Amino acid sequence: VLLKEENQLILSHAVIAENADQISYESQLPFHGSWTGEEDSATREFALTSAEQRVRVYPLSLPQDRVTKADGEFKVTNEALTFKQEINGSRLYASTVFDWSAKRMSKQVDWSRLTVAQDGQLEPHTEAAAFRYRIGRSQWIQYRSLVEPDIPRTVLGLHTSHESVLGRFTSKGSIDPIIEVEM
């Protein structure tokens, strides 16, 4: 998803292998031109820098803090961004945000995986995934169902039966959907 007015790109991958017990996922995004990567020492955030541009990168599928054990890794080499993730199960959802907004470049960032529930029961990450990320005062929510729900699911005030939702939080705390994809 390219959010042109927000200066953001969200790359997400859903991997579904119904007969698998485990999924090992790897994706690479090769660079065109001369880019360097800066790793944040405390978090899994990266900054990509070229002569003309700086882009902040947030791997939402991995815990923000480096001290928290992760089921994957995100690294930058001179040639590409590489994202690896593993999951015990037959479905995996991975998402990464690229942000090049000049007004948010120095703003504090945080992100987290959210709990998804259906009929009061927690859904495993192999059924549905959701993330919240905040840059400065701007906050977004991302949700993806990996199997069709029996009834609508809930996550952080969002009640939906859609396959995918990308929304932005308003100043009053409600969610303003940007994209909703039906099952």
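A residue counts as buried when its relative accessible area is under 20%, as exposed when it is over 50%, and as partly exposed in between, with a 1.4 Å probe and protein chains only. The model is predicted, so local features need pLDDT of at least 70 and side-chain atom pairs count only at pLDDT 80 or more, while totals for chains, interfaces and linings use all residues. Residues are numbered from 1 along each chain as its sequence is written, and side-chain values use heavy atoms, with hydrogens and water left out.

**Exercise 1.** Find which strand holds Gln118, decide whether Gln118 is buried or exposed, and list its contacts beyond the neighbours within four places in sequence.

*Solution.* Start with the strand: Gln118 belongs to β11, residues 117–118, where a strand is a DSSP run of E with at least two residues, numbered from the N terminus. Next, Gln118 counts as buried because its relative accessibility is 12%. Finally, contact means heavy atoms within 4.5 Å, and with neighbours within four places in sequence left aside, Gln118 touches Glu123, Pro149, Asp150, Ile151, Pro152 and Arg153.

**Exercise 2.** Examine the salt bridge between Lys84 and Glu73, and say how accessible Lys84 and Glu73 are.

*Solution.* A salt bridge requires a side-chain nitrogen of Lys or Arg within 4 Å of a carboxyl oxygen of Asp or Glu. For the side chains of Lys84 and Glu73 the N to O distance is 3.8 Å. This pair links distant parts of the chain, with Lys84 in strand β8 (residues 80–88) and Glu73 in strand β7 (residues 72–76), eleven residues apart. Lys84 is partly exposed because its relative accessibility is 28%, and Glu73 is partly exposed because its value is 36%.

**Exercise 3.** Work out where the partners of the salt bridge between Arg54 and Glu38 lie in the chain.

*Solution.* The closest N and O atoms of Arg54 and Glu38 are 3.2 Å apart. Arg54 sits in strand β6 (residues 54–59) and Glu38 in strand β4 (residues 36–39), 16 residues apart, so that distant parts of the chain are linked. Arg54, with a relative accessible area of 31%, is partly exposed, and Glu38, at 40%, is partly exposed as well.

**Exercise 4.** State how many salt bridges the rule gives, and describe the one between Glu6 and Arg104.

*Solution.* The rule gives 13 salt bridges. One of them joins the side chains of Glu6 and Arg104, at 3.2 Å from N to O. Glu6 is in the loop between β1 (2–3) and β2 (8–16), whereas Arg104 is in the loop between β9 (91–99) and β10 (109–113), 98 residues apart. Both Glu6 and Arg104 are buried.

Key: Helices (H or I, at least four residues) and strands (E, at least two) are DSSP runs, numbered from the N terminus.
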